[in-house]
Amino acid sequence: MTPFVLTAITTSISALIVGRFYWRRGRRLLMGILLGALAGFLGTQATMVPLGYCALNPEHHMFFNLSIIGQTTSVNAVLICAFLLIFAASWAFMLAITEFHHRWVTKKRIFGTEGHTPGAFIRHNFTPWIFLSPTIIGLGLFTYYPAVQNFMLGTRLARRGTANTRFVCLDNFATLLTNSLQDAHYYILSDGFFLYAEHAEYLAVLGVSFFYTFFIVILVNVVGIAIALLASHKIRGAAVYRTLIVWPYAVSGVVVGVVFGALLAGEGAGFINLLLQKLGLPTVPFLSDPWWARFSVVGAATWVKLAFTILIYIAGLQAVPQVLLEAATIDGANAWQRFRNVKLPMLMPYVFFVVFLTLNYTIFDLYAIIETLTEGGPVYATTNLVVDVIKTGVENSDIGKAAALSIILLFIMLGLTYWQFRVMGRRTNYEMI
């Protein structure tokens, strides 16, 4: 595939996507096609030109075998990475161009939120930019510039302690799909009946990360709301109970890992297994079995995050007007109906906030618990994305591959955040607070 063909394909797909979006919103179809084509072209050039179109060089091609419902095919890992990178860049340009066009059509200022006041003289006020300049400079120097450097490092073969580096294009990304483990069925948390990749070590880590995210987010919110409902009742000593509930939030992840390790250790060592032995019951391999180890990490992380979550939901329940609850009671609504139709809609902004914090927590803040509780084992069964980045960069000294892992982690977090705002944002009404 030549660079011209790749650019043409990306440009056409972007034009169709944006054109369909404009057509469904009742806007001009031709304008949507033109803006989409521009976004696709810029996205392709912004990603492929700095890399010298190296992803299209046969010397950089890597393959892995993918099996879907028993049908195995060979997939080019480098080309997959190139298409994903181009898609992300094109999507970013698409959002920027459509927002720019919307502001231009509605006659809003490009760098402002509102137009000028009718009848007033238009002038450019640079005072806000002067006050914002320290923050803008700080973000540019310590956030955006290191992010660009990290991407460039992800395209090089770099090891810690070695000054020499070599440009390897997208090989650091492709090797994530072409490295192998002995136990392939851990890759996607199944025995490979539906989807199975023969050489894909990274899918093991990715599957475990989504496993943590799914269960921790659900448990934190469901259990947090249940405990908050109980703790929000007006009883004697309620302030003391609420203070005790919040205390676990101050415990560090290392301490949590050590405490749960003492509770869940193997036969003859852990408190829970010792108790089971005293009762004549079989012991449980909490930290030696892959599935039990994953749920052990989920339990420890949920216990820590529950404290802050309960505090937020108690505040949200106290903000629910008693008039609405009394009116629902007069209408004959029982406790469950009052919760579902009155309290839960009022809690949705708080649920949105807690889900956002929990997503960040499950992606970025589980390293201390995992490292002290299971050390990522057994056989990568509890290794998530952040642990994999640290082990690759620090223990294995592979800085280039660690940079590639961190870039993918960034895109995954951006995708989850975008999905949350699109799905949950539509069901969240802040006017009810």
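User: Before we start, what does "buried" mean here?
Analyst: Buried means under 20% relative accessible area. Please keep in mind that this is a predicted model.

User: Then is Cys169 buried or exposed?
Analyst: Cys169 has 0% relative accessibility, so it counts as buried. Its place is in the loop between β4 (166-167) and α5 (171-178).

User: What about the phi of Cys169?
Analyst: Phi of Cys169 is near 60°, a positive value in a residue other than glycine. For context, most residues other than glycine have a negative phi.

User: Where does Ser397 lie, and what is its phi?
Analyst: Ser397 sits in the loop between α14 and α15. This residue, which is not a glycine, has a positive phi of about 60°. Ser397 is buried as well, because its relative accessible area is 16%.

User: Which residues are joined by a cis peptide bond?
Analyst: Gly377 and Pro378 are joined by a cis peptide bond, with omega about 0°. Pro378 belongs to the loop between α13 (367-373) and α14.

User: Let us stay with α14. How many of its residues are buried?
Analyst: Eight of the 11 residues in α14 are buried, and the helix is mostly covered. Among them are Leu385, Val389 and Lys391.

User: How do α14 and α15 pack?
Analyst: The axes of helix α14 (residues 385-395) and helix α15 (residues 399-423) come within 8 Å and cross at roughly 165°. The two helices are therefore roughly antiparallel. The crossing of α14 past α15 is left-handed.

User: Which residues meet there?
Analyst: From α14, the residues include Leu385, Val386, Val389 and Thr392; from α15, they include Ile399, Ala402, Leu405 and Leu409.

User: Now α8 and α10. At what angle do they pack?
Analyst: Helix α8 (residues 253-264) and helix α10 (residues 290-318) pack at an angle of about 130°, and their axes are 11 Å apart. They are therefore oblique to each other. Here α8 passes α10 in a right-handed crossing.

User: What about Trp336 and Phe339?
Analyst: Trp336 and Phe339 form a tilted aromatic pair, with 5.8 Å centre to centre and 35° between the planes. Both lie in helix α12 (residues 335-364), and because they are three residues apart, they are separated by about one helical turn. Trp336 is exposed at 54% relative accessible area, whereas Phe339 is buried at 14%.

User: Which residues do ring pairs link into a cluster?
Analyst: Phe211, Tyr212, Phe214, Phe215, Trp291 and Phe295 are linked into a cluster by ring pairs.

User: One more residue: where is Phe93, and what does it touch?
Analyst: Phe93 lies in helix α3 (residues 77-105). Apart from residues up to four places away in sequence, Phe93 touches Ala39, Leu42, Gly43 and Ala46. The C-alpha atoms of Phe93 and Gly40 are separated by 7.6 Å, although these residues are 53 apart along the chain. Phe93 counts as partly exposed, at 29% relative accessibility.

User: And for the protein overall, how many helices and strands?
Analyst: The secondary structure comes to 15 helices and five strands. Buried residues make up 40% of the 433 residues.

Terms used: Residues numbered from 1 in each chain as written. Predicted model: local features only at pLDDT ≥ 70, side-chain atom pairs only at ≥ 80, totals over all residues. Heavy atoms only, no water. Phe/Tyr/Trp six-rings, centres within 6.5 Å; stacked < 30°, edge-to-face > 60°. Helix = DSSP H or I, 4+ residues; strand = E, 2+ residues; numbered from the N terminus. Buried < 20%, exposed > 50% of the residue type's maximum accessible area, 1.4 Å probe, protein only. Axes fitted to C-alpha atoms, helices over the stretch in contact; angles between N-to-C directions. Parallel < 35°, antiparallel > 145°, perpendicular 65-115°, else oblique. Left-handed = near helix turned anticlockwise from the far one by under 90°. Contact = heavy atoms within 4.5 Å.
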